[in-house]
Amino acid sequence: MPNSGDCRLFHHKIVRSVRDLALTQSTIVRDGSQYAAILAKQEFRAELEALFPTGRGQRTPDEIRFQMLRFHQNRCVFNVSMTTNDGWQDLIAKVFATDRPDTLDVMQRLHQAGFGTTAQFAVPRPIAYLSSLRILLEEKVEGRQVKTILLEDDKSEQMEAVRRCGEWLARFHTTAPRFGNPVEPRPFLEHVRGWADMVSEFGKPLSAKCELLMKKLEAIVPVEGTFEYCQGHGSYIPSHVLLSNERTVTIDFDELELVDPARDLAWFLIALERFELKYHKPPDFYERLSGPFLEAYLKEGNRNTLRHLAFYKAAEYLHRARHDLYKRIPPVPEWAEKMLDQALTGFAS
């Protein structure tokens with residue numbers, strides 16, 4: 001039987017292999033061309049003809065166009081434009097690396113549970129899932145992305161945007177149907193430990209800070225029964241929220257899970273904080289906008305959600321540090337260290 005030292009050495013070899021593989025893959029398929037090739041297939045065009053027939057017969061190649069919007073290793077999002085009897089129509093096509101029929105079911109259940117087309121707090125209307133092509137088709141929501149509003153300089157619009165984000169999330173946490181597997185705190189902590197191990201591979205001072213941060217997280221891991229599981233978005237950030245007149249619409253439900261609702265709050269708050277780092281926003285940017293977001297959330301949401309916010313914020317700082325080292329080309333260790341410092345400062349305050 002191998003001793004603990006052998007197991008630790010093997011674990012570190014796995015971490016290094018994952019790091020090297022991630023960096024290699026990100027340079028090989030960074031452009032998303034493998035996903036675009038699926039939309040270029042005649043089979044996809046035939047599916048569109050069946051779903052959106054016209055009175056003029058089949059569309060010509062120039063009458064179906066697509067543009068990549070967002071690229072991830074496991075999926076890619078496109079805007080698809082096509083001619084109809086009334087002009088051009090846009091829709092969203094998500095192409096997955098693996099078969100994800102569950103994504104259509106998720107969207108349908110949310111749409112039917114009060115987050116439909118005419119609701120004030122909504123999700124895009126699901127259209128179809130094309131299993132043979134691994135493509136989810138959904139409504140293209142016309143509206144302003146909250147990220148865009150935050151990048152501009154209108155402070156009153158920024159305030160209104162984050163308030164509406166808080167309101168949407170509170171409505172989602174309190175009324176969305178609950179289904180799927182719960183993300184239990186202890187197993188989640190082990191997942192976070194994996195992020196810490198990957199960040200530590202970049203050596204000191206990151207490794208020492210990760211070790212200290214994991215000790216602090218271990219001490220405050222939430223206990224079952226001290227929170228109520230609810231439907232979690234999985235990646236609730238300003239770029240996933242659109243303001244369409246009076247409607248607030250959230251997109252990207254590929255990572256829906258049952259969670260402690262504090263996890264979604266942490267995602268949004270740290271995404272907001274990183275505007276200073278990524279877009280050189282002034283030092284008061286986060287303080288000015290985080291308060292109205294939380295205030296709007298707590299008007300309808302459960303105040304107990306704040307109980308474990310420190311834990312999930314620290315975990316998300318680690319997640320962002322890993323992102324800065326493994327998703328950015330080239331890696332940005334200075335940003336990763338900033339994330340770890342912010343996490344540790346949160347425990348000190």
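Analyst: Happy to! Let's begin with burial: a residue is buried under 20% relative accessible area, exposed over 50%, and partly exposed in between, using a 1.4 Å probe and protein chains only. This is a predicted model, in which local features need pLDDT of at least 70 and side-chain atom pairs count only at pLDDT 80 or more, while totals for chains, interfaces and linings use all residues. Residues are numbered from 1 along each chain as its sequence is written, and side-chain values use heavy atoms, with hydrogens and water left out.

User: Which residues of helix 6 are buried?

Analyst: The list is Gln158, Ala161, Val162, Arg164, Cys165, Gly166, Trp168, Leu169, Ala170, Phe172 and His173. As for the word "helix", helices (H or I, at least four residues) and strands (E, at least two) are DSSP runs, numbered from the N terminus.

User: Why does Trp168 count as buried?

Analyst: Its relative accessibility is 0%, so Trp168 falls on the buried side of the cut-off. Phe253 counts as buried too, because its value is 3%.

User: What makes the rings of Trp168 and Phe253 a pair, and why is it called tilted?

Analyst: Rings of Phe, Tyr and Trp (its six-membered ring) pair if their centres lie within 6.5 Å; planes under 30 degrees apart are stacked, over 60 edge-to-face, and the rest tilted. The structure holds 18 such aromatic pairs. For Trp168 and Phe253 the centres are 6.2 Å apart and the planes meet at 50°, so the pair is tilted. Trp168 sits in helix 6 and Phe253 in the loop between strand 10 and strand 11 (257-259), so this pair links distant parts of the chain, 85 residues apart. Both belong to one aromatic cluster, together with Phe115, Phe172, Tyr236, Phe268 and Phe293.

User: Which residues touch the most other members of the largest nonpolar core?

Analyst: A nonpolar core is a set of buried Ala, Val, Leu, Ile, Met, Phe, Trp, Tyr and Cys residues joined through side-chain atoms within 4.5 Å. The largest one has 67 residues, and Trp168, Leu217, Phe253, Phe293 and Leu318 touch the most other members. Helix 11 gives the largest share of this core, 10 residues. A second, separate core of 20 residues includes Phe44, Phe78, Met82 and Leu91. As background, nonpolar side chains tend to be buried together in soluble globular proteins.

User: What makes strand 4 and strand 7 edge strands?

Analyst: Two strands pair if DSSP finds at least two bridges between them. Four strands form an open sheet in the order 4-10-9-7, with mixed pairing. Strand 4 (121-122) and strand 7 (144-145) each pair on one side only, which is the mark of an edge strand.

User: How many bridges join strand 4 to strand 10?

Analyst: There are two, and these strands run parallel. Phe121 has Thr248 as its bridge partner in strand 10. Strand 9 (residues 241-244) and strand 10 (residues 247-250) are antiparallel, over four bridges. Here Ser244 is partnered by Arg247, and Leu242 stands opposite Val249.

User: How do you know that both faces of strand 10 are covered?

Analyst: Arg247 and Val249 on one side are buried, and so are Thr248 and Thr250 on the other.

User: Where is Asp252, and is it buried or exposed?

Analyst: Asp252 is in the loop between strand 10 and strand 11. It counts as buried because its relative accessibility is 5%. Its phi is near 70°, a positive value in a residue other than glycine. His280 also has a positive phi, near 60°, but His280 is exposed because its relative accessible area is 69%.

User: What kind of peptide bond joins Lys204 and Pro205?

Analyst: That bond is cis, with omega about 5°. Pro205 is in the loop between helix 7 (185-200) and helix 8 (206-219). The bond from Ile329 to Pro330 is cis as well, with omega near -5°.
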